[in-house]
Amino acid sequence: MNAVLAELWPYLALLLVGFLPNEIWRLLGLVLARGLNEDSEIVIWSRAVATAILAGVIAKLILYSTGSLATIPLPVRVAAAVCGFLAFLVMRRSVFAGVAVGEAVLLLGGFLFAH
Amino acid sequence: MSVLSTFNSSTAAFFAGVKSALTSVFVLVLMGTYIGIGALAHDFGLASWWLALSTVLVWAAPAQVILISALGAGAALFEVAIAVTLSAIRLFPMVVALLPLLRGGNARLRDLLLPTHFTSVSMWVESLRLLPALPQEWRIAFCNGLSVGYMGTAVVFGFVGYYLAAGLPPLFAGTLLFLTPLSFLISTARNAHMMVDKVALVFGLVLGPVLTAMHVDLDLMWTGVVGGTLAYAVHRLREAAT
C-alpha cells in the first residue's frame, strides 16, 4: 500500500498543488468573462505579484543551484546571467542573443573552473 | 494569411491552426523553454511522464518551473499551491480577453472549455493576432489546432531536455539546466513594458534569495506578495507625483 502511495504521490501532488491552483484562474475567466480592463489596477497589481514570484524563483535557481548546475561555481553562474542580460540589452532586446551569450559564458566558465 | 479563411470543415480549420503554430516563432521559444524544463524535472528527480502530464494539465511554463523546483526541494504543499496560484492570476484576464473572439454565433459553454484550458502566453498572442481575420464558425477549431501544435511541441521537447540532461556530462547538463533561469530572466525583462513590472522583477530577484537565506517560511509567497505590492506602491507614488 505504501509503495503504491509513494509511486502515485507525485501525480497526486501535481493535481492538487499544480493543476487546480493554476486552472482555477482560467475557469474564473470563463465564468466571469465580462469586461476586465488590461489596465485596471487589480490586473496591474496581480501581474506585479506574479512577476516578483517568478523573479524570486529565477534568482534561487541561479544562486542556490542543485544537481549538475551546482558543479559550476557560483561566480560563474552569476557572471553568465549578468553577461546574458547585458547582451540582451545591447543587442536590440533580443532574447535569443541574451540566452546564447549567457550560455556561452557559462560553458566557458564551467570548462575553466568546474569543481 | 487570406488562405486561412477558406476552410470548408472544422477539421481543415484545426489543421490550419496546427500548421500556423508549427511555423510561428513561438515554437522555437517553446522548444528552448521546455528543453530547460525537462532538464529541471530530471534534476529534481521527477519522472519524464510526470513532466509530460504536467505540461498537458498545467500548461503554463512559469507555474511548471515553480511546481517542479518547489516540489523537488520538498517545500510544504500549501506553499507550493499558493506560489502556483499567485503565478497563475495573469491567466484570468487573458481568458477574459480571448473568449469574446470565440464566443460569437452559437458557441456552447462546453465548446469553450478546451480553448479556456489551452490559454497561455504563446497561444493567446497568436490567437488575438490571427482570429479576427477568420470567420466566426471556424475560430474555435483553429484555436484548438494552434494550441495542440504548441502543446505537442512542448511535450516532445520536455522529453528531449529530460533525456539529454540524463545522458550528458555534468557540464553540458548544467548548461541545459541554466536555460530555465536565464531564458525566464530575459524574457520576463522583455515582457516588462511598464515600470511597475520592471520594479517587480528587481524586487523579486533580490527578495527571493534573501528570504530563502533567512529561512523564512512560505518564502515564495512573501516574495510575490511583498515584492509585487512594493512595486505596485512605487507605481502609485510615481503616478501621484506626476
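The views below are taken from a predicted model.

**View 1. The loop of chain B that holds B:Leu218, between helices H11 and H12.** With 16 C-beta neighbours inside 10 Å, a count between those two limits, B:Leu218 is classed as partly exposed. The backbone of B:Leu218 has a positive phi of about 55 degrees, although this residue is not a glycine. A positive phi, near 55 degrees, is also found at B:His215, which follows H11(B).

**View 2. B:Trp222 in helix H12 of chain B, which comprises residues 219–241.** B:Trp222 has 18 C-beta neighbours inside 10 Å and therefore counts as partly exposed. When residues up to four places away in sequence are left out, B:Trp222 touches B:Leu211 and B:Val216. One of these two partners, B:Leu211, is among the buried residues of H11(B). The C-alpha atom of B:Trp222 is separated by 37 Å from that of B:Gly167, a residue 55 positions away along the chain.

View 3. The 19 residues of H11(B) reach 28 Å from the first C-alpha to the last, close to the 27 Å expected at 1.5 Å a residue. The buried residues of this helix include B:Val196, B:Val199, B:Phe203, B:Leu205 and B:Leu207, and also B:Asp197, B:Gly204 and B:Gly208.

**View 4. The contact between chain A and chain B.** In this interface, 77 residues of chain B are in contact with 64 residues of chain A. Helix H10 of chain B, residues 170–191, supplies the largest share of the chain B side, namely 18 residues. By class, the residues of chain B that touch chain A divide into 51 nonpolar, 22 polar and 4 charged.

**View 5. The largest nonpolar core, seen around A:Ile58.** This core has 111 residues, and the members that touch the most others are A:Ile58 and B:Ala83. Its largest share, 14 residues, comes from helix H2 of chain A, residues 41–63. With neighbours within four places in sequence left aside, A:Ile58 is in contact with B:Pro181, B:Phe184, B:Leu185 and B:Leu205. H2(A) is largely enclosed by the rest of the structure, because 19 of its 23 residues are buried. The end C-alpha atoms of H2(A) are 33 Å apart, which agrees with the 33 Å that its 23 residues should span at 1.5 Å a residue.

**View 6. Helix H9 of chain B with its partners H7(B) and H8(B).** H7(B), residues 109–118, packs against H9(B), residues 139–167, at an angle of about 35 degrees, with the two axes 10 Å apart. The crossing of H7(B) and H9(B) is left-handed. H7(B) contributes B:Asp111, B:Leu114, B:Pro115 and B:Phe118 to this contact, and H9(B) contributes B:Ile140, B:Cys143, B:Asn144 and B:Ser147. The residues of the H7(B) contact with H9(B) comprise 5 nonpolar, 2 polar and 1 charged. H8(B), residues 121–130, packs with H9(B) at an angle of about 145 degrees, again with axes 10 Å apart, and the crossing of H8(B) and H9(B) is right-handed. Here B:Ser122, B:Met123, B:Glu126 and B:Ser127 of H8(B) meet B:Cys143, B:Leu146, B:Ser147 and B:Tyr150 of H9(B). By class, the contact of H8(B) with H9(B) holds 4 nonpolar, 3 polar and 1 charged residues.

**View 7. Helix H2 of chain B, residues 26–43, and the glycine B:Gly45 that follows it.** Of the 18 residues of H2(B), 13 are buried, and the helix is mostly covered. The end C-alpha atoms of H2(B) are 25 Å apart, which agrees with the 26 Å that its 18 residues should span at 1.5 Å a residue. After H2(B) comes B:Gly45, with a positive phi near 75 degrees.

**View 8. A:Arg93 in the loop between helices H3 and H4 of chain A.** This loop lies between H3, residues 74–90, and H4, residues 95–113. A:Arg93 is not a glycine, yet its phi is positive, at about 50 degrees. With 12 other C-beta atoms within 10 Å, A:Arg93 is exposed.

How values were computed: Residues numbered from 1 in each chain as written. Chains lettered and ligands numbered in written order. Predicted model: local features only at pLDDT ≥ 70, side-chain atom pairs only at ≥ 80, totals over all residues. Contact = placed C-beta atoms within 7 Å. Helix = DSSP H or I, 4+ residues; strand = E, 2+ residues; numbered from the N terminus. Nonpolar A, V, L, I, M, F, W, Y, C, P; charged D, E, K, R; others polar. Core = buried A, V, L, I, M, F, W, Y, C linked by C-beta atoms within 7 Å. Buried ≥ 20, exposed ≤ 12 C-beta atoms within 10 Å, placed from the backbone. Axes fitted to C-alpha atoms, helices over the stretch in contact; angles between N-to-C directions. Left-handed = near helix turned anticlockwise from the far one by under 90°. Expected span 1.5 Å × (residues − 1).
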